[in-house]
Amino acid sequence: MAEDGSNGGDNGAGGNGGPAGSDDQTVALDLERLILDAPRRYTPYQAARAADVPMELATRFWRAMGFPDIGQSRALTDGDVIALRRLAGLVESGLLSESMAIQVARSTGQTTARLAGWQMDTFLENLTQSVEPGLTRADVAYPLVELLLPELEQFLVYVWRRQLAAVTGRVVQAAEDHEITSGRLAVCFADLVGFTRLSRRLEEEELGELVETFENTCSDLIAGQGGRVIKTLGDEILFVSEDPVTAAGIALGLIEALAEDDTIPALRVGMAFGAVTSRMGDVFGTTVNLASRLTSIAPKDAVLIDGEFAAALEQNGSVAPPGADGPGLADALSAAAGMPPSGPPAPDAAHRFNLQPMWRRPVRGLGLVEPWLLSRRARTE
């Protein structure tokens, strides 16, 4: 919802042939008209009335979508009216409660705001570098957006449908699988070591390239192996998996992949397995907090996991048996209890990991924690 100080009509938006002038505000209005494909017609009150939605609810919807209050400026279009009507219709039909509709508006607004910001920053930066002498970025913005808009719109709908199909499949499967229904997830934080110090030494462009390489490498590997990226925070990435074995393989794969790039700092990873609350595409709870704390104490190029995660790997049969490449979890637990080792079982190719118990230590807000160092079992011919 764009802000505009006037109470007039279309406010000088040009035709489809391009910008009406070189003034920055005029160019912005021309681009808005092109993207929204509709002129400004309504004040917020008029739009709410046209949609037959109470003004208070309309304001809550607009704020949830991330749009600022604009007073009585005439800056809304027929598209805004239709969107209000659709949200209100979902509530009136009983398909969504009012609070759920607000959540839909907020999650959609936050996600698309970040996407739109990234796309325009990237496109305008990369595609306008070779601007001919005498032309400004504003001069080329209109034809550039005009060409990109339909393609980006179709691609966005395609990806959204694909993601919706994947999530729906997981939800349906969860209805049949008690363990998934219980909300237990493997949660993983991967963090670049010394990033803050490094960022003070790098030029802005170099820093951007480093972050982009880190995010791209991690996101591709996580998605390719069946994990789900929850969010990236520049030097840190958070992902989850329903399967601890999958998460363990991804975590070790991230360290191995990034170690091959000399421009990327060392990586440290913390993981925990347990109950997780999912909301608006994010995850919360003690398990998430524990994974974050383990990341902060993990050595360079190493993966630390909590006891629940270690037990899940042992139960799955993915931990190397005693006498293999290193101490197995069963031996470590037996030693801690003062019991003799159980003896080496027959070799099993399914044993993919080694676990080494670390010293128990206090973790802020979580008490004493005994982390386990996860490593990949050396392959033998």
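Predicted model: local features only at pLDDT ≥ 70, side-chain atom pairs only at ≥ 80, totals over all residues.

Q: Happy to start with the helix. Which residues of helix H2 are buried?
A: First the general idea: an α-helix has 3.6 residues a turn, so residues three or four places apart point the same way. Now the case here: H2 spans residues 44-51, and its buried residues are Pro-44, Ala-47, Ala-48 and Ala-51. Viewed down the axis of H2, the buried residues fall within an arc of 100°, so they line one face of the helix.

Q: What covers the buried residues of H2?
A: The cover includes helix H3 (55-64) and helix H4 (78-92). While you are there, look just after H2: Asp-52 has a positive phi of about 60°.

Q: How do I describe the packing of two helices?
A: Two packed helices are described by the angle between their axes and the distance between the axes. For H2 and H3, the axes come within 9 Å and cross at roughly 110°. That makes H2 roughly perpendicular to H3. On the H2 side the contact is made by Pro-44, Tyr-45, Ala-47 and Ala-48, and on the H3 side by Met-55, Ala-58 and Trp-62. By class, this contact of H2 with H3 has 7 nonpolar, no polar and no charged residues.

Q: Now the sheet, please. In what order do the strands lie?
A: The open sheet has 7 strands in the order E2-E3-E1-E4-E7-E11-E8, with mixed pairing. Its edge strands, E2 (228-232) and E8 (353-357), each pair on one side only. Neighbouring strands of this sheet are turned by 25° against each other on average, direction ignored.

Q: Which strands run parallel or antiparallel?
A: Let's go pair by pair. E2 and E3 (residues 236-241) run antiparallel and are joined by 4 bridges; one to find is Thr-232, whose partner in E3 is Ile-237. E1 and E4 are also antiparallel, with 9 bridges, and Leu-185 has Gly-274 in E4 as its bridge partner. E4 and E7, in contrast, pair in the parallel sense over 4 bridges, where Gly-270 has Leu-304 of E7 as its partner.

Q: Why is E4 described as largely enclosed?
A: Count its buried residues: 7 of the 9 residues of E4 are buried, so the strand is largely enclosed by the rest of the structure.

Definitions and conventions: Residues numbered from 1 in each chain as written. Heavy atoms only, no water. Buried < 20%, exposed > 50% of the residue type's maximum accessible area, 1.4 Å probe, protein only. Helix = DSSP H or I, 4+ residues; strand = E, 2+ residues; numbered from the N terminus. Arc of directions from axis to C-beta. Contact = heavy atoms within 4.5 Å. Axes fitted to C-alpha atoms, helices over the stretch in contact; angles between N-to-C directions. Parallel < 35°, antiparallel > 145°, perpendicular 65-115°, else oblique. Nonpolar A, V, L, I, M, F, W, Y, C, P; charged D, E, K, R; others polar. Pairing = 2+ DSSP bridges.
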